[in-house]
Amino acid sequence: MALSSTAPNPLNAGLHGDGDVHENVTGFVVGDISVTNGTAGTFTPVSGSVYTFVVTPTAAGLVTVNVPAAVCTDTATNPNTAAAP
């Protein structure tokens with residue numbers, strides 16, 4: 001799984017992120033996104049392998065976004081790998 005951002009400065013504004021799982025998956029929901037110093041919301045499946053979401057910081061400082069391993073599965077029922085924060 002890969003995470004990316006289109007925000008120029010995610011410390012001062014909502015982070016618009018993409019979760020790309022590289023193949024179609026099922027079972028991936030906003031609650032699977034782990035955020036330190038922020039909250040995840042506005043979760044939108046773009047396709048079976050691309051999801052967009054907004055992360056809003058709760059305070060000034062570093063915001064970390066992660067997706068742990070095994071929160072969703074591909075069509076062969078293999079679990080996802082963890083995303084690098």
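Keep in mind along the way that the model is predicted.

Let us begin with the strands. Strand S5 covers residues 38-45 and strand S6 covers residues 50-57. The two pair in the antiparallel sense, with 6 bridges between them. To get from S5 to S6, the chain passes through a hairpin of 4 residues.

Next, step back along the chain to Asp32. You will find Asp32 in the loop that lies between strand S3 (25-26) and strand S4 (34-36). Is Asp32 buried or exposed? Its relative accessibility is 14%, and because buried means under 20%, Asp32 counts as buried. Which residues does Asp32 meet once its neighbours within four places in sequence are left aside? Asp32 is in contact with Gly27, Asn66, Val67, Pro68 and Val71.

Our last stop is Ala70, in the loop between strand S7 (64-66) and strand S8 (73-74). Here the relative accessibility is 54%, and exposed means over 50%, so Ala70 counts as exposed. Not counting residues up to four places away in sequence, Ala70 touches Pro79 and Asn80.

Terms used: Residues numbered from 1 in each chain as written. Predicted model: local features only at pLDDT ≥ 70, side-chain atom pairs only at ≥ 80, totals over all residues. Heavy atoms only, no water. Buried < 20%, exposed > 50% of the residue type's maximum accessible area, 1.4 Å probe, protein only. Contact = heavy atoms within 4.5 Å. Pairing = 2+ DSSP bridges.
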